Amino acid sequence: MSLTLEKITKVVDGELHINDVNLNFEPGSFNVLLGRTLAGKTTLMRLMAGLEKPTSGRVLMNGADMTGVPVRQRNVSMVYQQFINYPNLSVYDNIASPLRLAGDDKQTIDRKVRETAEILRIENFLTRMPLELSGGQQQRTAMARALIKDADLILFDEPLVNLDYKLREELRQEMRELFKVRNTIAVYATTEPNEALALGGTTTVLHEGRSIQYGETAEVYNFPDTVACAELFSEPPLNLTKGEISDSEVTLDQATHFPLNADLAGLGRGNYIFGVRPSHLALFPVNEDDLEISVRVELAEISGSETFLHVRNKHLSLVLHLTGIYQYEVDASIKVYMPTHKIFVFDEDGKILKVPTRLPIVNQAGQISGGVQHG
Amino acid sequence: MNKVENNKAWFLVLPVFLLVAFSAVVPLMTVVNYSVQDIFDATNRYFVGVEWFKEVLRDPRLHDSLIRQFIFSFCVLLIEVPLGICVALMMPKEGRWSALCLILLAIPLLIPWNVVGTIWQIFGRADIGLMGYYLNAMGIDYNYAGNSGDAWATVLLMDVWHWTSLIALLCYSGLRAIPDAYYQAARIDRASGWAIFRYIQLPKLQSVLLIGILLRFMDSFMIYTEPFVLTGGGPGNSTTFLSQTLTTMAIGQFDLGRAGAFSLIYFLIILLVSWLLYTAMTHVEKGE
Amino acid sequence: MAEIHLKQLAHSYSDNPQGHKDYAIREMDHVWEKGGAYALLGPSGCGKSTLLNIISGLVTPSEGQILFDGHEVNALTPQQRNIAQVFQFPVIYDTMSVYDNLAFPLRNVGKSEDVISAKVKDIAYMLELEDVLKKKAKNLTADEKQKVSMGRGLVRDDVSAILFDEPLTVIDPHLKWKLRRKLKQIHEQFNITMVYVTHDQLEASTFADKIAVMYGGQVVQFGTPRELFEKPEHTFVGYFIGSPGMNFFEGSFQQNELYLEGHKVALDNEMKSKLSITPYNQLKLGIRPEFVEVLEADSPLLSNLGKDEKGAEALLASCENCFKCEVLLVSDLGTYKIVSLKLGNTEFKARLPEEQSVPKGSAYVRFPGNWLKVYADEYLVD
């Protein structure tokens with residue numbers, strides 16, 4: 001089973017919800033749709049499922065045009081944000097329901113239900129009612145129901161968003177394992193870059209109804225084509241600032257200067273947009289050419305084992321992603337260090353010109369290779 | 001491209017379509033049909049255009065009962081709404097007592113209209129009725145059959161007894177839906193009981209009150225059975241409301257054309273006033 | 001503003017509690033200082049809501065005392081305690097304007113309009129609500145509404161504490177951090193005692209100076225976010241705080257030596273004597289993924305290993321707390337990597353910086369002694 005979207009456009013009440021999307025998903029692939037709320041993730045999934053018809057364009061499955069075919073006649077499963085189960089059926093009956101509708105015999109149903117329940121680790125709750133289960137178990141039940149069908153296409157619409165973070169961690173890891181052996185196309189919508197990275201596979205970055213980049217997840221993360229993609233695929237978002245390169249120095253937002261280094265020298269004079277990953281900024285100088293910036297603390301957001309430090313000065317507003325706990329009072333004055341050799345450069349229209357060279361890149365084999373210059 | 005998958009699904013809509021047609025559209029069209037003709041018998045009928053409407057609108061009987069009807073409905077709302085809210089506020093929030101209160105409140109709603117009329121007819125009689133006897137014994141000259149003021153009071157009282165429960169029940173459910181957090185916040189803000197009512201309970205009751213007021217207006221505007229049983233519209237015409245006037249016209253005098261025109265005007269008045277009430281109240285709710 | 005003292009406090013919903021199981025709150029003794037920012041953190045059902053209700057005055061504790069500035073308030077109602085509360089969903093007076101909402105608590109105590117106006121403007125400025133003062137409260141966005149309900153607590157000078165019950169639940173994700181910042185600013189400016197209840201570690205550690213982590217009706221640790229991360233006093237804290245949580249291994253203590261999954265680990269004499277006098281049924285060793293070192297090729301151990309194959313065992317033994325383990329999975333999260341490893345029968349995780357490479361198949365790890373914690377029956381031995 002392969003799924004192809006060809007020039008898909010969807011207009012609702014004169015508003016463009018999906019704008020000329022072209023995608024191709026391989027059989028057995030795991031595909032993430034990454035985008036903010038209202039970027040068009042849900043609409044795109046509904047179009048793939050056949051719950052909605054595109055205004056123009058074609059949906060192909062295995063090369064056959066399925067555009068007008070309603071969802072009932074396609075073999076599609078969907079898992080939603082809300083934990084949707086039949087409240088008056090036991091977990092067993094919930095999981096069995098798609099097979100019963102398909103008219104399978106009792107033994108097959110029983111075997112498959114137990115198998116699937118085991119994969120999702122709910123085999124001990126089969127006799128319970130969904131509402132007697134925790135949120136995580138309810139969502140596992142819904143996933144089991146989606147998996148048991150052996151659907152050609154499984155759509156996940158932010159399935160973990162309503163779970164607390166410990167359960168999210170757990171399920172996120174299992175999702176990967178679940179789909180390793182399947183021949184199904186899985187499409188997974190999320191707003192969280194970290195979820196996309198954890199799930200792997202391919203990632204499509206959606207922005208305002210457009211697919212702005214598509215490729216292997218790590219590839220898209222490491223080589224964003226545009227400012228928009230770099231910003232979306234980084235949590236917290238990439239620190240961006242306008243700036244200028246002259247013959248001898250680089251100026252960020254008119255006021256912060258550092259000497260032009262070998263890294264950026266090839267770009268030539270002009271105005272650019274510079275970007276730095278929050279995790280590359282530090283509280284201590286790491287390399288001698290790091291740029292010292294004096295800032296005020298806006299907020300230190302602490303998440304158990306990491307700190308997101310929001311800082312700003314008159315010109316720059318930055319976020320640091322630090323491992324470990326750093327507590328600061330609001331408005332405290334501190335210094336932060338920017339690695340001048342780990343800077344993304346975009347032209348004024350937001351097209352990528354340069355990915356930092358000393359940034360290690362992990363290729364598929366898991367080995368580290370040197371940086372690649374784009375543009 | 002845009003083919004519809006299964007046209008048979010449209011048949012599922014058919015029962016509803018037929019039901020609406022027979023219950024609303026057909027009778028209404030019949031009335032419209034009557035209202036533009038002069039009917040003597042099955043074969044002798046003449047088209048008269050809007051003559052009936054003109055005549056009805058000039059009819060002093062209609063004017064009188066329309067004014068009476070408005071005063072009556074206005075009084076009903078004025079008494080029943082605040083009273084219903086009060087009753088709801090005083091009811092216990094939970095436990096056995098609240099169940100008991102709910103049952104007691106529901107009783108008047110379950111009694112058929114004509115029985116209500118009969119009950120009050122007896123209740124108010126000066127010779128054998130509990131209320132009538134004691135009022136007279138206390139030296140109050142009370143006679144609903146002879147005194148139009150007494151008759152009015154009795155009809156009103158009867159309606160209040162019959163229907164305040166409805167408002168009370170609606171408000172009770174509305175009050176129960178207010179989360180405790182609101183009361184807690186208000187108490188922390190040191191709000192007085194009145195302030196709690198004014199700024200929390202009343203705003204949260206707005207939507208149920210809208211339904212309650214509309215229902216009570218429409219119902220009271222169409223009141224027929226109870227006053228008919230109690231006073232027969234008397235003494236004189238003092239308690240003859242619109243629907244009784246209409247019935248007299250249609251059945252008593254077999255004046256179908258005139259009655260048809262009257263019905264339509266009646267219908268339009270209810271529609272208009274309900275719309276006005278609805279718009280006014282939703283406007284308040286939007287809080288602009 | 002008040003100091004809150006939970007003195008030998010316990011609560012059971014049953015009339016005749018028998019064992020621990022019957023207690024929603026097990027006995028605890030904590031002092032929350034005047035003007036401090038505290039968080040109650042725990043999963044659902046841990047008792048944090050019961051504790052919140054005891055502090056606010058909605059629930060009277062069945063045992064012990066709750067003291068505000070040294071005075072027992074067990075029997076007092078929330079309004080008598082002067083506790084303000086911000087709920088999960090915004091509680092505002094729909095029909096009033098924002099100004100009237102903020103003025104309401106002052107009007108109720110008969111303050112003059114001049115005083116009210118000055119105070120309301122102050123608070124509105126702080127909360128950045130100046131532009132919407134004239135708007136009807138019901139037409140505000142969720143975050144503005146939450147600010148209004150917070151503002152009603154702040155306008156009064158006499159509140160002893162403000163309680164927050166998951167106040168950011170209904171707020172748009174991208175606005176959350178702004179509101180968190182506002183909360184912190186307000187705490188720093190007003191210096192008012194604030195208690196924040198949540199199940200989210202990010203909210204708790206961002207907001208609070210000190211966090212009470214609750215589990216099974218108990219406060220299993222009461223400490224700063226840093227303490228919770230670096231020195232979890234209970235295995236639950238280790239698991240619950242941090243993503244991923246702490247790694248735990250089966251431990252044993254025999255002949256004055258500590259073993260991790262059968263491997264001897266270094267232990268100083270002080271700990272040895274402590275362990276020998278601590279009674280326990282079960283011993284666990286824990287280390288956070290952030291502190292697990294995956295040895296790189298140029299580390300002394302690995303560079304020597306290649307040269308001298310025969311002495312591998314001896315070399316490994318000479319490296320303190322170094323172990324050979326199986327590499328199960330590397331998950332690259334862009335800014336860092338999570339490596340799943342297996343030592344003996346126990347799976348564990350290590351968090352590595354983005355530039356570090358991970359060998360396939362097997363790897364050598366080191367557990368730095370200061371970050372390897374010993375837990376006897378789930379509690380830290382320290």
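Start in chain A. Select A:Arg121, A:Arg140, A:Glu170 and A:Glu174: a network of salt bridges links them. A salt bridge here is a side-chain nitrogen of Lys or Arg within 4 Å of a carboxyl oxygen of Asp or Glu.

Before moving on, note that this is a predicted model, in which local features need pLDDT of at least 70, side-chain atom pairs count only at pLDDT 80 or more, and totals for chains, interfaces and linings use all residues. Residues are numbered from 1 along each chain as its sequence is written, chains are lettered from A and ligands numbered from 1 in the order in which they are written, and side-chain values use heavy atoms, with hydrogens and water left out.

**Stop 1: salt bridges within chains**

Over all chains, the structure holds 41 salt bridges. Zoom in on A:Glu170 and A:Arg140, whose side chains meet at 3.2 Å, N to O. This pair links distant parts of the chain: A:Glu170 sits in helix α5 (residues 165–180) of chain A and A:Arg140 in helix α4 (residues 135–148) of chain A, 30 residues apart. Helices are DSSP runs (H or I, at least four residues) and strands likewise (E, at least two), numbered from the N terminus. A:Glu170 counts as partly exposed because its relative accessibility is 32%. A:Arg140 has 5%, so A:Arg140 counts as buried. The cut-offs are under 20% relative accessible area for buried, over 50% for exposed and in between for partly exposed (1.4 Å probe, protein chains only).

Jump to chain B and select B:Asp159 and B:Arg216. Their salt bridge has its closest N and O atoms 2.7 Å apart. B:Asp159 lies in helix α7 of chain B and B:Arg216 in helix α9 of chain B, so the pair ties together parts 57 residues apart in sequence. Are these two residues buried or exposed? Both B:Asp159 and B:Arg216 are buried.

Next, chain C. Select C:Lys284 and C:Glu378, a salt bridge with its closest N and O atoms 3.2 Å apart. C:Lys284 is in strand β14 (residues 283–287) of chain C, while C:Glu378 is in the loop between β20 (373–376) and β21 (379–380) of chain C, 94 residues away. C:Lys284 is partly exposed, with a relative accessible area of 23%. C:Glu378 is partly exposed, also at 23%.

**Stop 2: the nonpolar cores**

Return to chain B. Select B:Phe221 and B:Phe262, which have the most contacts inside the largest nonpolar core, a set of 54 residues. Such a core is a set of buried Ala, Val, Leu, Ile, Met, Phe, Trp, Tyr and Cys residues joined through side-chain atoms within 4.5 Å. Color helix α9(B): 12 residues of this core come from there, the largest share. Show the neighbors of B:Phe221. Leaving out residues up to four places away in sequence, B:Phe221 touches B:Leu66, B:Gln69, B:Phe70, B:Ser73, B:Leu242, B:Tyr266, B:Ile269 and B:Ile270. Contact means heavy atoms within 4.5 Å.

A second, separate core has 50 residues, including C:Ala39, C:Leu129, C:Ala137 and C:Ile192.

Now take α11(B). Its buried residues are B:Leu242, B:Ser243, B:Gln244, B:Thr245, B:Leu246, B:Met249 and B:Ala250. Step just past α11(B) to B:Phe254, which takes a positive phi of about 45°.

**Stop 3: a serine in chain C**

Select C:Ser149, in helix α5 (residues 142–154) of chain C. Why does C:Ser149 count as buried? Because its relative accessibility is 6%. The side chains of C:Ser149 and C:Gln146 are joined by a polar contact of 3.0 Å. A polar contact is a pair of N or O atoms within 3.5 Å; within protein, one must be able to donate a hydrogen and the other to accept it, and residues adjacent in sequence count only if both atoms are side-chain atoms. C:Ser149 also touches C:Val86, C:Pro90, C:Val91 and C:Ile92, not counting residues up to four places away in sequence.

**Stop 4: where chain C meets chain A**

Show both chains. The contact takes 43 residues from chain C and 41 residues from chain A. Between them, chain C and chain A bury about 3500 Å², 52% of it on carbon and sulfur atoms. Buried area is the accessible area (1.4 Å probe) that two parts lose on being put together, summed over both. Highlight C:Trp177, C:Arg181 and C:Glu354: they supply 16% of the area that chain C buries against chain A, more than any other three residues.

The rule finds 3 salt bridges across this interface. Finish on A:Glu301 and C:Arg180, a salt bridge with its closest N and O atoms 2.2 Å apart.
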